[in-house]
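Okay, thanks for coming, everyone.

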Amino acid sequence: MFAHLARTGLLIAALGVAGCNDSSMKDFAPSANKPLSDKILADMKAKGMARTSPVMARIFKEEGKLEIWKARTSGRYDMVASYDICKWSGKLGPKYTEGDRQAPEGFYTVRPAQMNPRSNYHLSFDIGYPNAYDRANGRTGTNLMVHGACSSSGCYSMTDAQIEQIYTFGRDAFQGGQTEFQIQAFPFRMTAANMARYRKDPNYDFWKMLKVGYDNFEITKVPPKVDVCEKRYVFNQVAADGAAFNPTGACPATTQPDSLKTAYSAYQSTYDAAFNGAVKASVPAPRPTIAGVKEASIVSDWSKRRARGERVPIEPPSLNADGSVSETVRMGRIDSPAGRKMAAADAENAAKQKAEQQRLAAMEAAKAEKEAAKAQALAEKETARINSLAEEEEARAAAEAPVATATIASPPEAAPAETQAANADESRVTKLKNKLLGMFGG
């Protein structure tokens, strides 16, 4: 029993790194070993496809679709299933840096070791980001997947039922001998109308480059040969003998089958006419797109702070056309060990700050009370002094009151008689004077 458990533990540890095989899926990941439905198998048979024939996938962000294509006996591919993507992260546009929450766009390769039957998201496979193009352009990121659980922070997330089927398509193809399958991830279906809608977008040149690979598949219905040189994708190009494609070096001299050149030229002529017509037509407004490395860096910083458990805006910030940054008003913290630890630390600091504020408030209150008591004592002392002075003044006034009354009362009583006598004398003198003046002709 112990030996069996030990072997189980070793195998489980290996699965997280090395992918899966039949025995591991049967023993420990039954969801990764489910067969395709009879209906899907019947549809495949009707289209000339074997269960284990090669497979590829196409992803369209704006339309929210993931398509599975399989090879027919003719070698050309046909779509066998289409799924609504449950969630994808970020905006239209490529992934630039770790933490920018962008789901990648480009041409990627999945090998058996990238399949994870014991994923925390039910089932998953790593799409292979960063590829040669991403690395040549300095783009970073890890663990970019197609997975279940309908939850995404940079991935393409499906429902559990969907990922079981998608995973099975890849598993069956590997069992049939396919060593790797291609994932083509686009911002939208690269029609003339859509390209016209986004012709002024900062990501337009990148999308025009992807469109060459898109067109090659539309023409041939075979996954294109993908290489990188001069930091750009090249498709279905064959290097001269002895030459190699260097992602950061100059592109070597290449050739391409004449039949493909002719078909591509005709396809492009039709596209150009449709594009010119779409430019003049009324089309739906473009969806939000990432504004290059600067916005990716802003979102990446937000992701780092969020991962540390800090309180950050609920949604990632966005860079506006005028260079300003928009953030949601609502703030939140991720529910994780880091978030809970940060919340506890913040609560402890808040409690300390509150206690310090209460201590300072108590000191201020005590100081104010002391000052108030001192002011009250001074006021009472001053009141007592004023009262004492008032009492002294009243006593002095009372002592002087009799003398003042006698002196003042006498003149009013004598004044009327004296005044009448004086007036009578003055009248007699005036009459005598007037009489004398009359006698002497005055």
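Let me start with a term: buried means under 20% relative accessible area, exposed means over 50%, and partly exposed is in between, using a 1.4 Å probe and protein chains only. With that in hand, C150 is partly exposed at 24% relative accessibility.

Some housekeeping. This is a predicted model, so local features need pLDDT of at least 70 and side-chain atom pairs count only at pLDDT 80 or more, while totals for chains, interfaces and linings use all residues. Residues are numbered from 1 along each chain as its sequence is written, and side-chain values use heavy atoms, with hydrogens and water left out.

How confident is the predictor? pLDDT is its confidence in each residue, from 0 to 100; the mean here is 86, and 84% of the residues reach 70 or more. Residues 1–27, though, have pLDDT below 50. Where pLDDT is low, the predicted coordinates should not be read in detail.

Now, the disulfides. Calling a disulfide a pair of cysteine sulfur atoms within 2.5 Å, we count two. C86 pairs with C150, S to S 1.7 Å. C86 sits in the loop between β3 and β4, and C150 in the loop between β8 and β9, so this pair ties together parts 64 residues apart in sequence. (Helices, H or I of at least four residues, and strands, E of at least two, are DSSP runs numbered from the N terminus.) The torsion about the S-S bond is about -65°, so this one is left-handed. C86 is partly exposed, at 29%.

The other disulfide joins C229 and C251, with sulfurs 1.9 Å apart. This link is right-handed, with 95° about the S-S bond. And which of these cysteines is buried? C229, at 0% relative accessibility; C251 is partly exposed at 23%.

On to pockets. On a 1 Å grid over the protein atoms alone, a pocket is an open set of points where a 1.4 Å probe fits, with protein on both sides within 12 Å along at least five of seven lines; lining residues have an atom within 4 Å of a point. The largest pocket is lined by 43 residues, with S89, R101, S152, S153 and G154 nearest its centre. α9 gives the most to that lining, eight residues.

The second largest pocket has 26 lining residues, and F107, Y108, T109, E180 and V226 lie nearest its centre. Among the elements that each supply at least two residues there are β5 and β11.

Technical notes: pLDDT is the predictor's confidence in each residue, from 0 to 100. Contact means heavy atoms within 4.5 Å.
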